[in-house]
Structure formats: C-alpha cells, structure tokens
Amino acid sequence: MVIRDWSSDVCSSDLFATGAVKWRERRLGRGALMLADRKIILLAEAGDLVIAAAAPARFEKIASARLLSSRSWVMPVLSNAKIYCRSNKGQVVCVDAAGG
C-alpha cells in the first residue's frame, strides 16, 4: 500500500504492485502526512491533526482535532509517543499519542 501526500486535495491509497487506487479521501484539504504504527498521521493545512488507520480497503478516521490556529504545510513529527505540529507562523503544539 502506498499513501500519497494530498497536495491536490486528495489523499489516496494505491496498491504498490499494480498502482490501482483503492480509496480516496477528499474532505481533508491540503497538508502533510506520515505513517507510524500502522496509522496515518495527517496535519491539514487548516491546522487539523487527523489520525487514521493505514488500511488498504478504505479510509478509517480514528481521531481528529483542530490544533493550530493558522495555516500549516509542515510535516507532523512523531517522537517518543508525542506528535509535534507546527504552523507556518511558528505556533507549535505537542500531543501525547501514548493513548493509555
């Protein structure tokens, strides 16, 4: 499975071997994403952090929250069970992702 960055307002999952698109999610807007622990960690341009299952069959949102008050095109960072998000204006937010 390949998850594409959604610079065209579409996040999609493709099968690596064939390139066939398995799902598309258009409601997220633009932003940056990363994969960790079988989860997609998306930071949308509007400042929303979205956690979704990295499932090839369909988009499965686990959680979301508006964390930043200004635009962000910055990749979220995961370190020691914490997700760091930064806006283009320098606002930084840290979220505990330990979930325990």
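**Exercise 1.** In which sense do strand S5 (residues 39-44) and strand S6 (residues 48-53) pair, and over how many bridges?

*Solution.* The structure is a predicted model. Strands S5 and S6 run antiparallel to each other, and their pairing comprises 5 bridges. Within this pair, Ile40 lies opposite Ala52 of S6.

**Exercise 2.** Determine what order the strands of the open sheet follow and which strands form its edges.

*Solution.* The open sheet holds 4 strands, arranged as S4-S5-S6-S7 with antiparallel pairing. Strand S4 (31-36) and strand S7 (60-66) are the edge strands, since each of them pairs on one side only. On average, neighbouring strands of the sheet are turned by 15° against each other, direction ignored.

**Exercise 3.** Describe how S6 is linked to and paired with S7.

*Solution.* Next, consider the pairing, which is antiparallel and extends over 6 bridges. One of the residues involved is Ile51, whose bridge partner in S7 is Ala63.

**Exercise 4.** Is Ala52 buried or exposed, and which residues does Ala52 touch beyond four places in sequence?

*Solution.* First, locate the residue: Ala52 belongs to strand S6. Its relative accessible area is 0%; the cut-off for buried is under 20%, and therefore Ala52 is classed as buried. Next, list the contacts, leaving out residues up to four places away in sequence: Ala52 touches Arg38, Lys39, Ile40, Phe59, Glu60, Lys61 and Ile62. Finally, take the pair Ala52 and Ile62: they are 10 residues apart along the chain, and 5.0 Å separates their C-alpha atoms.

Terms used: Residues are numbered from 1 along each chain as its sequence is written. This is a predicted model: local features need pLDDT of at least 70, side-chain atom pairs count only at pLDDT 80 or more; totals for chains, interfaces and linings use all residues. Side-chain values use heavy atoms; hydrogens and water are left out. Two strands pair if DSSP finds at least two bridges between them. Helices (H or I, at least four residues) and strands (E, at least two) are DSSP runs, numbered from the N terminus. Axes are lines fitted to C-alpha atoms, for helices over the stretch in contact, and angles run from 0 to 180 degrees between N-to-C directions. Buried means under 20% relative accessible area, exposed over 50%, partly exposed in between (1.4 Å probe, protein chains only). Contact means heavy atoms within 4.5 Å.
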